[in-house]
Amino acid sequence: MERSRQRLDSTGALLDALSPMATLRRGYSITRIDGHAVKSVGQMPDGTVIETIVADGRVVSTVGADNNHNQ
């Protein structure tokens, strides 16, 4: 029984470490357009409204500068 509990605790810790919230707590952010994750600057022409999720909340912004597609 103790071994099963240890495995369950270990699995829970692994799931927590891999969760999106744990990633945000490490300083990363998720940027979305209409609820979908942004994967390329090409998805964000000038005037696009984006939502950026961080560990303690969200920011809504409007893209307003040229994007450098070579980075």
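Two strands pair if DSSP finds at least two bridges between them, and the strands themselves (E, at least two residues) are DSSP runs, numbered from the N terminus. With that in hand, look at β3 and β4: they pair in the antiparallel sense over 6 bridges. The two also form a hairpin, with 2 residues between them.

A word on the model before going on. It is a predicted one, where local features need pLDDT of at least 70, side-chain atom pairs count only at pLDDT 80 or more, and totals for chains, interfaces and linings use all residues. Residues are numbered from 1 along each chain as its sequence is written, and side-chain values use heavy atoms, with hydrogens and water left out.

Val 49 has Thr 62 as its bridge partner in β4. Strand β4 covers residues 57-62, and it lies largely in the open because 0 of its 6 residues are buried (buried means under 20% relative accessible area, exposed over 50%, partly exposed in between, with a 1.4 Å probe and protein chains only).

Now step to Thr 48, in the loop between β2 (36-37) and β3 (49-54). Thr 48 counts as buried because its relative accessibility is 14%. A polar atom of its side chain sits 2.7 Å from the backbone oxygen of Pro 45. Leaving aside neighbours within four places in sequence, Thr 48 is in contact (heavy atoms within 4.5 Å) with Ile 33, Gln 43, Ser 61, Thr 62 and Val 63.

Finally, find Asp 34 in the loop between β1 (30-33) and β2. Asp 34 counts as exposed, since its relative accessibility is 73%. Its phi is positive, about 50°, although Asp 34 is not a glycine. Most residues other than glycine have a negative phi.

Note on methods: Helices (H or I, at least four residues) and strands (E, at least two) are DSSP runs, numbered from the N terminus. A polar contact is a pair of N or O atoms within 3.5 Å; within protein, one must be able to donate a hydrogen and the other to accept it, and residues adjacent in sequence count only if both atoms are side-chain atoms.
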